[in-house]
Structure formats: structure tokens, C-alpha cells
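Let's walk through the disulfides of this protein together. Have the sequence and the model open as you read.

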Amino acid sequence: MSEFLLALVAISGLFPVAKVLAAGADREEELCDLGEFLCDDNVTCVSQNWLCDGEPDCPDDSDESSDTCPEEIEFKCPLNHITCIGTNRCIHLFQLCNGVHDCSDGYDEGVHCRDV
């Protein structure tokens, strides 16, 4: 009932919409759609499918934090991709030995490129 009243008050223009939204800001489901994750900035919503995938999608990187991803998950790259050592970042095979450091540690341009 109270949510209905808040919505009615917001529509009537008696209170600014921001105050009405702030009243329910402690509940993630009101800020994000079903299947979305609320970033720690309490503003940005990202797909739950993007959580713990090795690529930060939240502006504050909270979708990749140890609080969000407490346990190690098995990570596999798609076909024709390799994993950068020590990360969950995948790069395509055509990015190997191309003179551009795509992995943060330079693994894709390492000593194995001398044999190619």
C-alpha cells in the first residue's frame, strides 16, 4: 500500500521524484530490472550474466570485487581465444604476436612470439 501511495504522490507532483525513489533505494529490485545487479555506486545496473566474468562493467568495478565474486569459478575462453595469464581476460588468437600488448602482463607478445 505504501508503494502505491509513494507512486501516487510522485505522479501528483507533491514531492520530487528523486525523494520518492530514495525512499526505496535500499531495495535493489526497485532500482534494477530482474536479472540485473546493482553496482556499489547505487546508480548503475548491469546484467547478472556479466558478474565475475573478468571484465569490469560497473564504474566502480564492484561486479568483479572479492565481495561479489568470493569463490574461484572455472573460467574458459571461447573457441579460438586464449586466456591472459593471471586474469579472466580472453583475447582472440589473431591478437597473439601482433606487436600490441592486449594482456596486461604482455603474455600475448611474449617469448613464444620469437618462434613464429
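Which residue does a disulfide join to Cys52? The partner is Cys69, with an S to S distance of 1.9 Å; a disulfide here is a pair of cysteine sulfur atoms within 2.5 Å. Before going on, note that this is a predicted model, where local features need pLDDT of at least 70, side-chain atom pairs count only at pLDDT 80 or more, and totals for chains, interfaces and linings use all residues. Residues are numbered from 1 along each chain as its sequence is written, and side-chain values use heavy atoms, leaving out hydrogens and water.

Back to our pair: the torsion about the S-S bond of Cys52 and Cys69 is about -100 degrees, so this disulfide is left-handed. Cys52 and Cys69 are both buried, where buried means under 20% relative accessible area, exposed over 50%, and partly exposed in between (1.4 Å probe, protein chains only).

Next, look at Cys32 and Cys45, whose sulfur atoms sit 2.0 Å apart in a disulfide. This link is left-handed too, with -80 degrees about the S-S bond. Cys32 is buried at a relative accessible area of 5%, whereas Cys45 is partly exposed at 24%.

Cys84 and Cys103 are also joined by a disulfide, S to S 1.9 Å. The S-S torsion of Cys84 and Cys103 is about -75 degrees, so the link is left-handed. Cys84 is buried, with 2% relative accessible area, and Cys103 is buried at 2% as well.

Stepping back, a search of the whole structure finds six disulfides. Counting bonded cysteines along the chain, they follow the pattern 1-3, 2-5, 4-6, 7-9, 8-11, 10-12.
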